[in-house]
Amino acid sequence: MENQKFLKKEFNLNEETICGYKVTADIKKVWQVELDLLKKFIQVCDKYNIKYFITAGSLLGVIRHGGFIPWDDDIDIGMLRSEYNKLLEIADKEFKEPYFFQTPYSDNIYRGHAQLRNSDTSSILPNEIDCNFNQGIFIDIFPYDEYPKTSRQFHSQKRCILFYSRLLSNYYLSSHKTLRSKILYGMNMILFHIISPKKFYRHYEKICSKYDGAGNGLISNLSFKYGREKYMHKKEYFEDLIDATFEGINVKIPREYDKILSKQYGNYHEFKVGTSTHGKLYLSADIPYKKYLKIIRKKGEK
(Lines give C-alpha, C1' and ligand atoms only; values in the text may rest on other atoms or scores of the structure.)
Protein backbone atom coordinates (compact mmCIF):
# COMPACT_ATOMS: atom_id res chain seq x y z
CA MET A 1 0.00 0.00 0.00
CA GLU A 2 1.09 3.55 -0.67
CA ASN A 3 2.56 5.28 2.42
CA GLN A 4 2.59 1.96 4.32
CA LYS A 5 6.17 2.41 5.55
CA PHE A 6 5.39 5.94 6.66
CA LEU A 7 2.36 4.75 8.59
CA LYS A 8 4.25 1.91 10.24
CA LYS A 9 6.73 4.39 11.66
CA GLU A 10 4.07 6.66 13.11
CA PHE A 11 1.16 4.40 14.01
CA ASN A 12 1.34 2.16 17.07
CA LEU A 13 0.28 -1.36 16.06
CA ASN A 14 0.54 -2.87 19.54
CA GLU A 15 -2.53 -3.93 21.48
CA GLU A 16 -3.45 -1.36 24.10
CA THR A 17 -6.30 -0.19 26.31
CA ILE A 18 -7.67 3.21 25.32
CA CYS A 19 -10.38 4.89 27.40
CA GLY A 20 -11.06 1.61 29.15
CA TYR A 21 -11.47 -0.31 25.89
CA LYS A 22 -9.03 -2.96 24.64
CA VAL A 23 -7.96 -2.27 21.08
CA THR A 24 -6.40 -5.39 19.60
CA ALA A 25 -3.40 -5.53 17.30
CA ASP A 26 -5.67 -6.86 14.52
CA ILE A 27 -7.97 -3.82 14.76
CA LYS A 28 -4.91 -1.57 14.77
CA LYS A 29 -3.91 -3.14 11.45
CA VAL A 30 -7.40 -2.41 10.09
CA TRP A 31 -7.06 1.18 11.27
CA GLN A 32 -3.71 1.37 9.53
CA VAL A 33 -5.30 0.38 6.23
CA GLU A 34 -8.04 2.98 6.74
CA LEU A 35 -5.47 5.68 7.48
CA ASP A 36 -3.71 4.82 4.25
CA LEU A 37 -7.05 5.13 2.42
CA LEU A 38 -7.65 8.48 4.11
CA LYS A 39 -4.24 9.79 3.04
CA LYS A 40 -4.85 8.71 -0.55
CA PHE A 41 -8.29 10.30 -0.53
CA ILE A 42 -6.92 13.60 0.76
CA GLN A 43 -4.11 13.58 -1.83
CA VAL A 44 -6.65 13.29 -4.64
CA CYS A 45 -8.95 15.95 -3.16
CA ASP A 46 -6.03 18.36 -2.71
CA LYS A 47 -4.88 17.75 -6.29
CA TYR A 48 -8.25 18.80 -7.70
CA ASN A 49 -9.18 21.35 -5.01
CA ILE A 50 -12.17 19.26 -3.93
CA LYS A 51 -13.56 20.13 -0.52
CA TYR A 52 -14.41 17.47 2.06
CA PHE A 53 -14.90 17.32 5.82
CA ILE A 54 -14.60 14.68 8.51
CA THR A 55 -18.08 13.89 9.79
CA ALA A 56 -20.26 11.73 12.08
CA GLY A 57 -18.38 9.51 14.55
CA SER A 58 -15.04 10.35 12.99
CA LEU A 59 -15.60 14.06 13.70
CA LEU A 60 -16.33 13.10 17.28
CA GLY A 61 -13.14 11.06 17.25
CA VAL A 62 -11.08 14.02 16.00
CA ILE A 63 -12.27 16.29 18.79
CA ARG A 64 -12.43 13.82 21.65
CA HIS A 65 -9.66 11.33 20.84
CA GLY A 66 -7.49 12.95 18.19
CA GLY A 67 -8.41 10.10 15.82
CA PHE A 68 -10.33 6.86 16.09
CA ILE A 69 -12.93 6.34 18.77
CA PRO A 70 -11.44 3.21 20.38
CA TRP A 71 -14.50 1.05 19.62
CA ASP A 72 -15.08 2.36 16.11
CA ASP A 73 -14.04 0.54 12.95
CA ASP A 74 -14.28 3.07 10.12
CA ILE A 75 -13.72 6.65 8.95
CA ASP A 76 -16.61 8.88 7.84
CA ILE A 77 -16.14 11.67 5.31
CA GLY A 78 -18.76 14.14 4.09
CA MET A 79 -18.93 16.32 0.98
CA LEU A 80 -21.46 18.74 -0.42
CA ARG A 81 -23.12 17.14 -3.45
CA SER A 82 -21.37 19.52 -5.85
CA GLU A 83 -17.95 18.48 -4.51
CA TYR A 84 -18.96 14.82 -4.46
CA ASN A 85 -19.86 15.02 -8.16
CA LYS A 86 -16.43 16.50 -8.93
CA LEU A 87 -14.84 13.52 -7.19
CA LEU A 88 -16.94 11.06 -9.21
CA GLU A 89 -15.65 12.61 -12.43
CA ILE A 90 -11.98 11.91 -11.69
CA ALA A 91 -12.15 8.92 -9.32
CA ASP A 92 -11.55 6.18 -11.91
CA LYS A 93 -8.46 7.97 -13.16
CA GLU A 94 -6.95 8.64 -9.75
CA PHE A 95 -7.71 5.54 -7.65
CA LYS A 96 -5.76 2.56 -8.99
CA GLU A 97 -5.23 -0.90 -7.49
CA PRO A 98 -5.22 -1.76 -4.71
CA TYR A 99 -7.44 1.31 -4.22
CA PHE A 100 -10.98 1.03 -5.54
CA PHE A 101 -13.50 3.87 -5.53
CA GLN A 102 -16.79 2.06 -5.14
CA THR A 103 -20.10 3.53 -6.26
CA PRO A 104 -23.14 2.07 -8.05
CA TYR A 105 -21.45 3.27 -11.26
CA SER A 106 -18.26 1.29 -10.69
CA ASP A 107 -19.59 -1.86 -8.96
CA ASN A 108 -22.77 -3.87 -8.49
CA ILE A 109 -23.70 -2.27 -5.17
CA TYR A 110 -26.45 0.30 -4.63
CA ARG A 111 -25.88 2.25 -1.44
CA GLY A 112 -26.48 5.99 -1.30
CA HIS A 113 -22.81 6.84 -0.81
CA ALA A 114 -19.32 5.96 -2.02
CA GLN A 115 -16.62 3.91 -0.37
CA LEU A 116 -12.89 3.94 -1.01
CA ARG A 117 -11.63 0.39 -0.51
CA ASN A 118 -8.38 -1.53 -0.45
CA SER A 119 -8.85 -4.63 -2.62
CA ASP A 120 -6.04 -6.56 -0.89
CA THR A 121 -7.98 -6.64 2.40
CA SER A 122 -11.36 -7.79 3.75
CA SER A 123 -14.30 -6.12 5.49
CA ILE A 124 -17.31 -8.37 4.98
CA LEU A 125 -20.77 -7.98 6.50
CA PRO A 126 -22.58 -11.25 7.29
CA ASN A 127 -25.56 -10.31 5.10
CA GLU A 128 -23.23 -9.62 2.15
CA ILE A 129 -21.35 -12.94 2.09
CA ASP A 130 -23.21 -14.02 -1.06
CA CYS A 131 -22.50 -10.72 -2.85
CA ASN A 132 -19.66 -10.41 -5.37
CA PHE A 133 -18.86 -6.70 -5.21
CA ASN A 134 -15.60 -5.38 -3.76
CA GLN A 135 -15.52 -6.01 0.00
CA GLY A 136 -12.12 -4.68 0.98
CA ILE A 137 -11.56 -2.50 4.05
CA PHE A 138 -13.09 0.90 3.38
CA ILE A 139 -13.72 4.47 4.37
CA ASP A 140 -17.19 5.99 3.81
CA ILE A 141 -17.78 9.09 1.67
CA PHE A 142 -21.23 10.66 2.03
CA PRO A 143 -22.79 13.28 -0.27
CA TYR A 144 -24.70 15.97 1.66
CA ASP A 145 -27.90 17.42 0.20
CA GLU A 146 -30.32 20.16 1.22
CA TYR A 147 -33.79 19.59 2.63
CA PRO A 148 -36.83 21.20 0.96
CA LYS A 149 -38.60 24.22 2.42
CA THR A 150 -42.09 22.87 3.04
CA SER A 151 -43.39 19.94 5.08
CA ARG A 152 -45.27 18.64 2.04
CA GLN A 153 -42.10 18.58 -0.05
CA PHE A 154 -40.21 16.95 2.82
CA HIS A 155 -42.64 14.04 3.18
CA SER A 156 -42.93 13.60 -0.57
CA GLN A 157 -39.15 13.46 -1.00
CA LYS A 158 -38.79 11.14 1.98
CA ARG A 159 -41.31 8.66 0.58
CA CYS A 160 -39.56 8.63 -2.79
CA ILE A 161 -36.10 8.21 -1.30
CA LEU A 162 -37.16 5.36 0.99
CA PHE A 163 -38.99 3.62 -1.86
CA TYR A 164 -36.00 3.85 -4.20
CA SER A 165 -33.47 2.84 -1.56
CA ARG A 166 -35.49 -0.24 -0.57
CA LEU A 167 -35.78 -1.39 -4.16
CA LEU A 168 -32.08 -0.89 -4.75
CA SER A 169 -30.93 -2.59 -1.55
CA ASN A 170 -33.27 -5.53 -2.18
CA TYR A 171 -31.72 -5.85 -5.64
CA TYR A 172 -28.03 -5.95 -4.73
CA LEU A 173 -28.38 -7.95 -1.49
CA SER A 174 -28.96 -11.18 -3.38
CA SER A 175 -29.44 -13.53 -0.39
CA HIS A 176 -33.23 -13.82 0.03
CA LYS A 177 -34.47 -16.25 2.66
CA THR A 178 -38.10 -15.26 3.21
CA LEU A 179 -40.97 -15.61 0.75
CA ARG A 180 -41.60 -11.86 0.92
CA SER A 181 -37.99 -11.02 0.05
CA LYS A 182 -38.05 -13.53 -2.82
CA ILE A 183 -41.23 -11.98 -4.22
CA LEU A 184 -39.78 -8.46 -3.93
CA TYR A 185 -36.58 -9.61 -5.57
CA GLY A 186 -38.58 -11.11 -8.46
CA MET A 187 -40.43 -7.82 -8.90
CA ASN A 188 -37.12 -5.97 -8.81
CA MET A 189 -35.70 -8.19 -11.54
CA ILE A 190 -38.66 -7.39 -13.75
CA LEU A 191 -38.25 -3.67 -13.08
CA PHE A 192 -34.51 -3.68 -13.69
CA HIS A 193 -34.98 -5.66 -16.88
CA ILE A 194 -36.97 -2.70 -18.15
CA ILE A 195 -34.68 -0.01 -16.73
CA SER A 196 -31.06 -0.63 -15.78
CA PRO A 197 -30.29 -0.38 -12.04
CA LYS A 198 -27.58 2.20 -12.75
CA LYS A 199 -30.04 4.42 -14.61
CA PHE A 200 -32.54 3.88 -11.78
CA TYR A 201 -29.88 4.90 -9.24
CA ARG A 202 -29.03 8.01 -11.23
CA HIS A 203 -32.67 9.09 -10.96
CA TYR A 204 -32.55 8.31 -7.23
CA GLU A 205 -29.60 10.70 -6.83
CA LYS A 206 -31.53 13.40 -8.67
CA ILE A 207 -34.37 13.04 -6.16
CA CYS A 208 -31.90 13.32 -3.26
CA SER A 209 -30.31 16.47 -4.67
CA LYS A 210 -33.53 18.03 -5.97
CA TYR A 211 -33.52 20.95 -3.50
CA ASP A 212 -29.81 21.74 -3.43
CA GLY A 213 -29.51 25.52 -3.58
CA ALA A 214 -33.28 25.96 -3.27
CA GLY A 215 -34.11 24.35 0.06
CA ASN A 216 -34.40 25.40 3.67
CA GLY A 217 -30.67 25.74 4.36
CA LEU A 218 -30.41 22.49 6.33
CA ILE A 219 -28.37 19.61 4.96
CA SER A 220 -27.60 16.00 5.77
CA ASN A 221 -26.58 12.79 4.03
CA LEU A 222 -30.11 12.37 2.66
CA SER A 223 -29.29 9.45 0.39
CA PHE A 224 -28.09 7.36 3.35
CA LYS A 225 -30.85 7.83 5.94
CA TYR A 226 -33.45 10.48 5.38
CA GLY A 227 -35.01 12.80 7.91
CA ARG A 228 -33.06 12.23 11.13
CA GLU A 229 -33.59 15.56 12.87
CA LYS A 230 -30.45 15.48 15.00
CA TYR A 231 -28.35 15.15 11.85
CA MET A 232 -29.91 18.17 10.15
CA HIS A 233 -27.44 21.04 10.30
CA LYS A 234 -27.11 24.45 8.68
CA LYS A 235 -25.35 24.25 5.34
CA GLU A 236 -23.12 27.15 6.34
CA TYR A 237 -21.57 24.99 9.08
CA PHE A 238 -19.95 22.84 6.38
CA GLU A 239 -18.76 25.66 4.16
CA ASP A 240 -16.26 27.13 6.61
CA LEU A 241 -13.61 24.46 7.28
CA ILE A 242 -10.59 24.42 9.56
CA ASP A 243 -7.55 22.18 9.98
CA ALA A 244 -7.40 19.37 12.52
CA THR A 245 -5.56 16.08 12.92
CA PHE A 246 -6.77 12.49 12.76
CA GLU A 247 -4.13 10.09 14.09
CA GLY A 248 -1.46 12.57 13.00
CA ILE A 249 -2.95 13.16 9.54
CA ASN A 250 -3.98 16.69 8.63
CA VAL A 251 -7.72 16.79 7.86
CA LYS A 252 -10.51 19.31 7.35
CA ILE A 253 -13.40 19.66 9.80
CA PRO A 254 -16.28 22.18 10.07
CA ARG A 255 -15.40 25.25 12.13
CA GLU A 256 -18.77 24.87 13.87
CA TYR A 257 -17.98 21.34 15.01
CA ASP A 258 -19.17 22.10 18.55
CA LYS A 259 -22.69 22.97 17.37
CA ILE A 260 -22.78 19.89 15.15
CA LEU A 261 -21.55 17.46 17.79
CA SER A 262 -23.69 18.96 20.56
CA LYS A 263 -26.84 18.47 18.48
CA GLN A 264 -25.92 14.92 17.51
CA TYR A 265 -24.48 13.64 20.79
CA GLY A 266 -25.42 16.07 23.55
CA ASN A 267 -22.51 16.38 26.00
CA TYR A 268 -20.12 14.70 23.59
CA HIS A 269 -17.11 15.00 25.91
CA GLU A 270 -18.66 12.37 28.16
CA PHE A 271 -18.86 8.86 26.82
CA LYS A 272 -19.60 5.24 27.56
CA VAL A 273 -17.54 2.42 26.16
CA GLY A 274 -19.44 1.27 23.10
CA THR A 275 -19.25 -1.28 20.31
CA SER A 276 -18.49 -1.25 16.60
CA THR A 277 -21.00 0.68 14.53
CA HIS A 278 -21.06 -2.14 11.97
CA GLY A 279 -21.52 -5.02 14.40
CA LYS A 280 -19.97 -8.33 13.42
CA LEU A 281 -17.58 -8.05 10.51
CA TYR A 282 -15.18 -10.47 8.88
CA LEU A 283 -12.10 -8.26 8.98
CA SER A 284 -8.58 -8.86 7.75
CA ALA A 285 -5.82 -6.46 6.79
CA ASP A 286 -3.84 -9.37 5.29
CA ILE A 287 -6.33 -11.51 3.34
CA PRO A 288 -7.87 -10.21 0.08
CA TYR A 289 -11.66 -10.18 0.19
CA LYS A 290 -12.02 -12.62 -2.72
CA LYS A 291 -9.99 -15.23 -0.86
CA TYR A 292 -11.75 -14.54 2.45
CA LEU A 293 -15.17 -14.90 0.81
CA LYS A 294 -14.21 -18.33 -0.50
CA ILE A 295 -13.13 -19.38 2.99
CA ILE A 296 -16.37 -18.15 4.61
CA ARG A 297 -18.62 -19.64 1.96
CA LYS A 298 -16.83 -22.98 2.15
CA LYS A 299 -17.38 -23.09 5.93
CA GLY A 300 -21.03 -22.14 5.43
CA GLU A 301 -20.81 -19.24 7.91
CA LYS A 302 -23.81 -16.99 7.41
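This is a predicted model: local features need pLDDT of at least 70, side-chain atom pairs count only at pLDDT 80 or more; totals for chains, interfaces and linings use all residues.
Biologist: Why is Ala56 called partly exposed?

Modeller: The relative accessibility of Ala56 is 22%, and because buried means under 20% and exposed over 50%, the value falls in between, so Ala56 is partly exposed. Ala56, which is found in helix H3 (residues 56-65), also has a positive phi, near 55°, although it is a residue other than glycine.

Biologist: And what makes Glu247 count as partly exposed?

Modeller: Its relative accessible area is 28%, which lies between the 20% limit for buried and the 50% limit for exposed, so Glu247 is partly exposed as well. Glu247 sits in the loop between strand E11 (241-246) and strand E12 (249-254), and its phi is positive too, near 50°.

Biologist: Which residues lie nearest the centre of the largest cavity, and how is its lining divided by residue type?

Modeller: Of the 10 lining residues, Glu34, Asp73, Ser123, Phe138 and Leu283 lie nearest the centre, and the lining as a whole divides into five nonpolar, two polar and three charged residues. About 40 Å³ of space lies in this cavity, and helix H2 (25-47) and strand E8 (137-146) each supply at least two residues of its lining.

Key. Residues are numbered from 1 along each chain as its sequence is written. Side-chain values use heavy atoms; hydrogens and water are left out. On a 1 Å grid over the protein atoms alone, a cavity is a set of points where a 1.4 Å probe fits but cannot get out, and a pocket is an open set with protein on both sides within 12 Å along at least five of seven lines; lining residues have an atom within 4 Å of a point. Grid points are joined across faces, edges and corners, and a volume is the space filled by probe spheres set on the points. Helices (H or I, at least four residues) and strands (E, at least two) are DSSP runs, numbered from the N terminus. Ala, Val, Leu, Ile, Met, Phe, Trp, Tyr, Cys and Pro count as nonpolar, Asp, Glu, Lys and Arg as charged, and the others, Gly among them, as polar. Buried means under 20% relative accessible area, exposed over 50%, partly exposed in between (1.4 Å probe, protein chains only).
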